[in-house]
Amino acid sequence: MLNLVIFGAPGSGKGTQSEKLIEKYNLAHISTGDVLREEIKKGSDLGKLAKQYIDKGQLVPDEVIIGMLADVLESKKDKAGVIFDGFPRTLAQGAALDKMLKEKKQEVSVVVCLDVDDEELVKRLLQRGRTDDNLETIKSRLEVYKNQTSPLMDYYEKAGKIAHIKGVGSVDEIFAKISEAVDKVQ
Ligand code: B4P
């Protein structure tokens, strides 16, 4: 069972590359960002809560995300593996993921980290233009990434699970490099 984490700053291409990985490796896709946006669209209590954080470029609280993830993971059982896109984003989420997988006698197989510099990230996000893609919110998201998410990189580095991939270039070139890293752990 392949458990692939795709990791990187906002706008690094996690969602873009996930779509291609899902198809090639027959994976279930778990994107916490997509689940939250779906809840916002539905106007659910979870969506209303999430919107307050997303609009400010902050992370939705760990306990909310971890509870939500457990439910989503339970519903994805019929694939060759799972791609975790945008989760974990904090050390607490990383520990929770390890625990959830351990209960199923599984573990994270590989963490693909897309490395992209800030200038390129800002350019991409402004072009994408989602409601949380305005300059003020983007700055806050990049700050949050540095302070709260990037410590996870050391965590996975120490566990020997991380594959750094340069996330600049054509989508297909980047995908080819990711595929090489995934094939090593298959
Ligand atoms: P996410 O939905 O995860 O989105 P993201 O990090 O902003 O984008 P991603 O990296 O997927 O970029 P994409 O491929 O789309 O998070 C949104 C918000 O939800 C967070 O800020 C947070 O508030 C909340 N949230 C989500 N998960 C959470 C969690 N676990 N805990 C707490 N809060 C959570 O690419 C971006 C753009 O670049 C696209 O327009 C794309 O076309 C372009 N692009 C991609 N690859 C390119 C390339 N190679 N060259 C040029 N452009 C490229």
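Me: A salt bridge is a side-chain nitrogen of Lys or Arg within 4 Å of a carboxyl oxygen of Asp or Glu. How many salt bridges does a search of the whole structure find?

Reply: Side chains of opposite charge can pair when their charged atoms come close. In this structure the search finds 13 salt bridges. The model is a predicted one, in which local features need pLDDT of at least 70 and side-chain atom pairs count only at pLDDT 80 or more, whereas totals for chains, interfaces and linings use all residues. Residues are numbered from 1 along each chain as its sequence is written, and side-chain values use heavy atoms, with hydrogens and water left out.

Me: Which residue meets Lys42 in a salt bridge?

Reply: The partner of Lys42 is Glu39, at 3.3 Å from N to O. Both residues lie in helix α2 (residues 32–42), three residues apart, about one turn of the helix. Helices (H or I, at least four residues) and strands (E, at least two) are DSSP runs, numbered from the N terminus.

Me: Are Lys42 and Glu39 buried or exposed?

Reply: Buried means under 20% relative accessible area, exposed over 50%, and partly exposed in between (1.4 Å probe, protein chains only). Lys42 counts as exposed because its relative accessibility is 57%, whereas Glu39, at 15%, is buried.

Me: Which residues do the salt bridges with shared partners join into one network?

Reply: Consider Asp133, which is buried with a relative accessible area of 5%. Asp133 forms a salt bridge with Arg128, the closest N and O atoms being 2.8 Å apart, and another with Arg141, at 2.9 Å from N to O. Shared partners join Arg128, Arg130, Asp132, Asp133 and Arg141 into one network.

Me: How many bridges join β2 to strand β3?

Reply: Five bridges join β2 to β3 (residues 81–85), and the two run parallel. Ile30 has Phe84 of β3 as its bridge partner. Strand β1 also pairs in the parallel sense with β3, over five bridges, and there Leu4 is partnered by Ile83. Between β1 and β4 there are five bridges, again in the parallel sense, with Gly8 opposite Leu114 in β4.

Me: How many of the residues of β1 are buried?

Reply: Seven of the seven residues of β1 are buried, so the strand is largely enclosed by the rest of the structure. One side carries Leu2, Leu4, Ile6 and Gly8, the other Asn3, Val5 and Phe7, and both faces are covered.

Me: Which residues have the most contacts inside the largest nonpolar core?

Reply: A nonpolar core is a set of buried Ala, Val, Leu, Ile, Met, Phe, Trp, Tyr and Cys residues joined through side-chain atoms within 4.5 Å. The largest core here has 34 residues, and Phe7, Phe84 and Leu97 have the most contacts inside it. Helix α4 (residues 62–74) supplies the largest share of this core, five residues. Apart from it lies another core, of 17 residues, among them Leu21, Leu114, Phe175 and Ile178.

Me: At what angle do helix α7 and α8 pack?

Reply: Two packed helices are described by the angle between their axes and the distance between the axes. Axes are lines fitted to C-alpha atoms, for helices over the stretch in contact, and angles run from 0 to 180 degrees between N-to-C directions. Helix α7 (residues 135–149) and α8 pack at about 40°, with their axes 5 Å apart. They are therefore oblique to each other; angles under 35 degrees count as roughly parallel, over 145 as roughly antiparallel, 65 to 115 as roughly perpendicular and the rest as oblique.

Me: Which residues does a cis peptide bond join?

Reply: Most residues other than glycine have a negative phi, and most peptide bonds are trans. The cis bond joins Phe87 and Pro88, with omega about 0°; Pro88 is in the loop between β3 and α5 (91–103). Asn26, not a glycine, has a positive phi of about 55° and is found in the loop between α1 (14–25) and β2.

Definitions and conventions: Two strands pair if DSSP finds at least two bridges between them.
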